Amino acid sequence: MVHFEKKSVYDFNDLIAILRILRAPDGCPWDRVQTHLSNRRNFLEEAYEAAEAFDRDDPELMCEELGDVLMQVLFNIHMEEDAGRFTFDDVTDHICRKLIFRHPHIFGSETAETGEEVLVNWEQLKREEKGQKTTADAMDSVARSLPALWRADKLQSKAAKAGFEFADVSGALNKLDEEVAELRTAVQEQTNFEEELGDVLFAAVKVGRFCGVDPEQALHGTCEKFLNRFRAVELSANAQGTAVDKLSPAELTALWEAVKHKSDD
């Protein structure tokens, strides 16, 4: 039993203390054996749950989920402190220096009147800071752990800034048609499915960039639409006294089309 003062309200220092207790040799058997890799999925899940709270604009849920994200950040810092590789102060020093360096219009003599100017300067300073001498260097720095659609979007954005871009959306649409045709050939010939499907998705992201569409948000919206329509199909089938898995493909298609037309009205 660990003695820990119970309070009506806990603060940041209390969170640090609790995590140190959990990671101590006589602490929680699960917490003390975690590594960055074993905890990686938890870290990502908590970040996505916080993002969902943002999407809902739910302040109570944000408070909870941001707390979980903060805990994950501190938890991983404690692992490094235990290993003697860096400390909490090293982390805060690093981010403070980065923010000061990348905001010369605030902390220096540079000027930036618009958000767009800030982003252009930020990208230039980031490349200088990281010693990225070429566009390929900058592209290579895009995290491979990003969702693939976001990674594709960022890679394409960096290439476009170097002039590697279609003149307008028609070029992107033509490229998408070309890649879909190649995917059809791959299916017919029973080869290269993964590569050709990846090319289609990459080309679709390019179209989205011309249209100002976030590819992850677009696919998320389609997932929600599919879920809602399938739920309506299931309800329709149940109303007819049967389950969806008992219907023929033709019957399911008919119900789907009916739901689709109703939602389009």
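This is a predicted model: local features need pLDDT of at least 70, side-chain atom pairs count only at pLDDT 80 or more; totals for chains, interfaces and linings use all residues.
**Stop 1**

Start by selecting F12 and F88. How far apart are the ring centres of F12 and F88, and at what angle are their planes? The count of aromatic pairs comes to four. In the pair of F12 and F88 the centres are 5.9 Å apart and the planes are at 50°, so this pair is tilted: planes under 30 degrees apart would count as stacked, and over 60 as edge-to-face. Now colour the helices: F12 belongs to helix 1 (residues 12-23), while F88 belongs to helix 4 (residues 88-101), so the pair ties together parts that are 76 residues apart in sequence.

**Stop 2**

Next, select F226 and W256. Their rings have centres 5.4 Å apart and planes at 45°, so this pair is tilted too. F226 sits in helix 11 (residues 215-239) and W256 in helix 12 (residues 249-264), so the pair ties together parts that are 30 residues apart in sequence. Both residues are worth a look with the surface on: F226 is partly exposed at a relative accessible area of 49%, and W256 is partly exposed at 23%.

**Stop 3: a charge over a ring**

Select R23 and F75. What does R23 lie over? R23 lies over the face of F75, at 5.7 Å from the ring centre.

**Stop 4: helix 8 against helix 10**

Now show residues 148-161, which are helix 8, together with residues 193-210, which are helix 10. These two helices pack at an angle of about 60°, and their axes are 9 Å apart. Is the crossing of helix 8 and helix 10 left-handed or right-handed? Their crossing is right-handed. To see the contact itself, display L149, A152, D153, Q156, S157 and A160 on the helix 8 side, which meet F202, V205, K206 and R209 on the helix 10 side. The residues of this contact divide into five nonpolar, two polar and three charged.

**Stop 5: E179 in helix 9**

Select E179, which has its place in helix 9 (residues 169-189). Is E179 buried or exposed? Its relative accessibility is 7%, and buried means under 20%, so E179 counts as buried. Show its surroundings next: leaving aside neighbours within four places in sequence, E179 is in contact with E196, D199, V200 and A203.

**Stop 6: A51 in helix 2**

Move to A51, placed in helix 2 (residues 36-56). A51 is partly exposed, with a relative accessible area of 28%. Draw a distance from the C-alpha atom of A51 to that of E65: the separation is 8.6 Å, for residues that are 14 apart along the chain.

**Stop 7: Q132 in a loop**

Finish at Q132. Where does Q132 lie? Q132 lies in the loop between helix 6 (115-130) and helix 7 (135-140). Q132 is buried, with a relative accessible area of 10%. Leaving aside neighbours within four places in sequence, its contacts are R127, D137, A138 and S141, so display these four to complete the tour.

How values were computed: Residues are numbered from 1 along each chain as its sequence is written. Side-chain values use heavy atoms; hydrogens and water are left out. Rings of Phe, Tyr and Trp (its six-membered ring) pair if their centres lie within 6.5 Å; planes under 30 degrees apart count as stacked, over 60 as edge-to-face and the rest as tilted. Helices (H or I, at least four residues) and strands (E, at least two) are DSSP runs, numbered from the N terminus. Buried means under 20% relative accessible area, exposed over 50%, partly exposed in between (1.4 Å probe, protein chains only). A charge sits over a ring if NZ of Lys or CZ of Arg is within 6 Å of the ring centre and within 35 degrees of the ring normal. Axes are lines fitted to C-alpha atoms, for helices over the stretch in contact, and angles run from 0 to 180 degrees between N-to-C directions. A crossing is left-handed if the near helix is turned anticlockwise from the far one by less than a right angle, and right-handed if clockwise. Contact means heavy atoms within 4.5 Å. Ala, Val, Leu, Ile, Met, Phe, Trp, Tyr, Cys and Pro count as nonpolar, Asp, Glu, Lys and Arg as charged, and the others, Gly among them, as polar.
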